[in-house]
Amino acid sequence: MFNLILFGPPGSGKGTQSEKLIEKYGWKHLSTGDLLRQEMKTETKLGREAKEFIQNGQLVPDSVVIGMIESALEANPNAKGFLFDGFPRTVAQAEALDRLLEQKQTAIHSVLFLHVNQDELIHRLIGRAKTSGRLDDADPEIQRRRQEVYRNETLPVAEYYQRYGKVEHVKGEGAVEDIFQLLCTEIDQKQ
Ligand code: B4P
């Protein structure tokens with residue numbers, strides 16, 4: 001089993017690269033952003049609660065996303081590996097994930113950190129807003145807040161895994177295919 005976290009700021013291409021990686025490696029893709037958007041679309045109680053946070057550029061409470069990940073792990077007992085995309089986004093989520101994986105006698109094997117400069121991130125999110133219909137893409141002020149939340153709450157997650165020597169840094173600027181090849185090289189060295 002191989003468990004990977006694709007890490008990076010909003011707009012760094014985690015979703016874009018995850019699609020290609022799961023196709024190549026056959027892992028189960030767990031995107032908390034996608035799971036939350038599905039809950040919002042079907043207007044579940046969880047979805048209605050999450051919407052308030054997401055449309056303000058804030059993180060959804062840890063207990064909610066940890067519960068979602070726990071259910072997804074339970075629902076996929078035979079997965080050959082998991083690709084975590086957009087999770088963990090706080091140190092508390094990272095600690096909870098470590099505990100959940102330990103119960104399954106496995107662990108996070110690698111964290112690939114996509115680096116993209118701030119101007120490019122905003123440029124991409126403005127581009128995505130034209131087609132995504134996402135509440136959190138439309139407003140530049142909310143995009144700015146999401147980057148701030150990332151710096152304050154999510155960046156410490158990279159430091160957390162760095163302590164265990166699990167983080168590899170990858171340049172997330174350039175052609176999608178070139179970035180994909182860089183990620184595959186890192187993965188193939190680790191596997
Ligand atoms: P997410 O769905 O995780 O979204 P994201 O971080 O905004 O985007 P991503 O990095 O995946 O970028 P993408 O590939 O689309 O989160 C949404 C919200 O849900 C969060 O803000 C939060 O409120 C909530 N949430 C999710 N997980 C949570 C958690 N664990 N805890 C609490 N709350 C949580 O790429 C962006 C754009 O760039 C696309 O248009 C793409 O086409 C383009 N692009 C990609 N690669 C490119 C390249 N190489 N060159 C040019 N453009 C590129």
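In the predicted model, a backbone N or O atom of Gln-58 is placed 2.8 Å from an oxygen atom of the ligand, a polar contact being a pair of N or O atoms within 3.5 Å. The protein covers 86% of the 1000 Å² of accessible area that the ligand has on its own, with accessible areas taken from the Shrake-Rupley method with a 1.4 Å probe. Because the model is predicted, local features need pLDDT of at least 70 and side-chain atom pairs count only at pLDDT 80 or more, while totals for chains, interfaces and linings use all residues. Residues are numbered from 1 along each chain as its sequence is written, and side-chain values use heavy atoms, with hydrogens and water left out.

A polar side-chain atom of Arg-37 lies 2.8 Å from a ligand oxygen atom, and a backbone N or O atom of Gly-13 lies 3.4 Å from an oxygen atom of the ligand.

The shell around the ligand holds 30 residues, of which Thr-16, Thr-32, Gln-58, Arg-128 and Arg-146 come nearest; a residue is near if one of its heavy atoms lies within 4 Å. Ten of the shell residues are nonpolar, eleven polar and nine charged. Here Ala, Val, Leu, Ile, Met, Phe, Trp, Tyr, Cys and Pro count as nonpolar, Asp, Glu, Lys and Arg as charged, and the others, Gly among them, as polar. At least two shell residues each come from helices H1 (14-25), H2 (32-41), H6 (118-132) and H8 (176-190), and H2 gives the largest share, four residues. Helices (H or I, at least four residues) and strands (E, at least two) are DSSP runs, numbered from the N terminus.

The ligand sits in the largest pocket, meaning that more than half of its atoms lie within 2 Å of the pocket's grid points. The largest pocket has a volume of about 910 Å³. Its lining comprises 42 residues, with Lys-14, Arg-89, Arg-128, Arg-134 and Arg-146 nearest the centre. Of the lining residues, 13 are nonpolar, 18 polar and eleven charged.

Definitions and conventions: Polar contact = N/O pair within 3.5 Å; in protein donor to acceptor, adjacent residues only side chain to side chain. 1 Å grid on protein atoms, 1.4 Å probe; cavity = no way out; pocket = protein on both sides within 12 Å on 5 of 7 lines; lining within 4 Å. Points joined across faces, edges and corners; volume = space filled by probe spheres on them.
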